[in-house]
Amino acid sequence: MEPATDLMAAAQAATGLSDFGDDNFREGLERLVTALNTEARLNAVGEHALRDRIGLHLRQRLMVEDWYSRHPEIEGEEIRAPLFGVSLPRTGSSALSYLLSSDPNVRYLRVWESSQPCPPPSTVEGPDPRRGSSASAADETLKGGSRTPSGIDGAMECQDLMALDFRSQIFQAFAHIPSYSQWLLEASLNDTYTYHKRTLKLLQWGQPARPWRLKAPTHMLYLDALDAAYPDARFVMTHRDPTDVMLSVATVYADIIGKFTDHVDHGYIGDLNVGCWSEAMTRAIAFRERGQDHRFFDIHFTAMQADPVGEVRRLYAWLGEEVSPAFAQAMADWWAGNSKAERMAKPDPAAFGLDPAAVRARFTDYLQHMDRALSNHAA
């Protein structure tokens with residue numbers, strides 16, 4: 001793959017634009033390209049898909065800056081009291097985000113705008129050509145999977161918005177890039193969330209302001225930076241036995257990475273996820289214990305499975321908002337159509353080097369905190 005400077009030049013040539021905004025994104029881009037070239041062992045599909053994906057984010061960043069230069073009033077948009085889903089992956093958090101997006105009175109990040117926020121949706125007349133189309137070769141390669149039964153306008157995680165700053169876990173889900181993953185774990189994401197908010201303002205501009213519902217497991221690693229950008233945010237956390245979580249997320253990673261390389265390292269994928277998510281939970285618990293626990297609402301995976309609409313009603317009561325009849329019906333309809341979606345076959349945990357007892361030991365503090373948090377909310 002070409003050097004970062006060449007990829008930036010190609011994006012500039014493709015758009016006719018030159019201003020990427022603040023240069024802080026370049027460190028992540030350069031580390032990512034180096035890791036892809038020296039560690040990922042991409043096959044031809046992967047080489048094309050990852051190059052195309054990087055180009056997509058660079059082009060979109062140029063367009064974001066162009067829209068701001070021509071319409072500086074966008075900066076005046078306010079993102080008020082967003083609700084962030086900040087859970088371990090594979091805990092029912094995606095299903096929750098799809099249910100929440102059924103509320104006609106909220107704003108959420110739609111699949112087709114997450115990786116292509118430009119042009120701002122309010123400026124598009126008629127059907128938006130982004131709806132239902134693949135944003136990049138990576139999306140095209142992954143099309144048809146059953147991981148996100150969200151529909152054409154379904155809710156998407158924040159990973160693509162974070163990728164505009166090239167500090168996003170989306171890249172380690174595409175390729176074996178340990179040096180980038182280690183750097184990302186310790187990196188500051190203050191600028192990332194500043195740009196995240198900048199992009200949300202662009203998406204909101206020209207439309208009535210509605211409460212945002214957003215989600216990404218990654219946020220648990222960087223709650224201090226997220227809080228700096230969104231000091232009035234609140235958080236919802238779904239919970240599940242981490243041994244089930246680690247096997248499930250490792251299986252998803254292997255499925256995706258396996259499309260872009262012929263050399264999948266299952267043991268590395270297991271280690272990466274146990275290390276990443278145990279650290280994420282340690283940081284999340286520390287954030288909550290620093291006087292922030294009142295900003296969190298907790299839901300257990302089994303409770304969501306048993307009564308999803310009831311759990312959302314409890315969440316909305318905590319938010320001080322009402323569940324309208326139309327919203328309740330939309331949730332019931334979505335759940336009826338998706339709760340029996342095809343489940344992934346569970347591989348042997350040993351294939352990823354995962355020992356359930358050892359995994360559970362890494363999450364001891366989380367399991368204790370989870371029991372306390374769920375007991376407090378049930379009281």
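The model is predicted, so local features need pLDDT of at least 70 and side-chain atom pairs count only at pLDDT 80 or more, while totals for chains, interfaces and linings use all residues. Residues are numbered from 1 along each chain as its sequence is written, and side-chain values use heavy atoms, with hydrogens and water left out.

I begin with the helices. Two packed helices are described by the angle between their axes and the distance between the axes. Helices (H or I, at least four residues) and strands (E, at least two) are DSSP runs, numbered from the N terminus. Axes are lines fitted to C-alpha atoms, for helices over the stretch in contact, and angles run from 0 to 180 degrees between N-to-C directions.

Helix H1 (residues 4-15) and helix H3 (residues 44-70) cross at roughly 55 degrees, and their axes come within 9 Å. H1 and H3 are therefore oblique to each other; angles under 35 degrees count as roughly parallel, over 145 as roughly antiparallel, 65 to 115 as roughly perpendicular and the rest as oblique. On the H1 side, the residues that meet H3 include Leu7, Met8 and Ala11, and on the H3 side they include Ile54, Leu58 and Leu62.

For helix H2 (residues 25-38) and H8, the packing angle is about 150 degrees and the axes are 8 Å apart. H2 and H8 are therefore roughly antiparallel to each other. Glu27, Gly28, Arg31, Leu32 and Ala35 of H2 meet Ser179, Tyr180 and Trp183 of H8.

Which loop holds Asp165? Asp165 is placed between helix H7 (159-163) and helix H8 (178-186). Not counting residues up to four places away in sequence, Asp165 touches Asn24, Phe25, Arg61, Asp191 and Thr192; contact means heavy atoms within 4.5 Å.

Leaving aside neighbours within four places in sequence, Lys215 is in contact with Gly85, Ser93, Ser94, Ser97, Glu157 and Cys158. The C-alpha atoms of Lys215 and Met156 are separated by 7.6 Å, although these residues are 59 apart along the chain.
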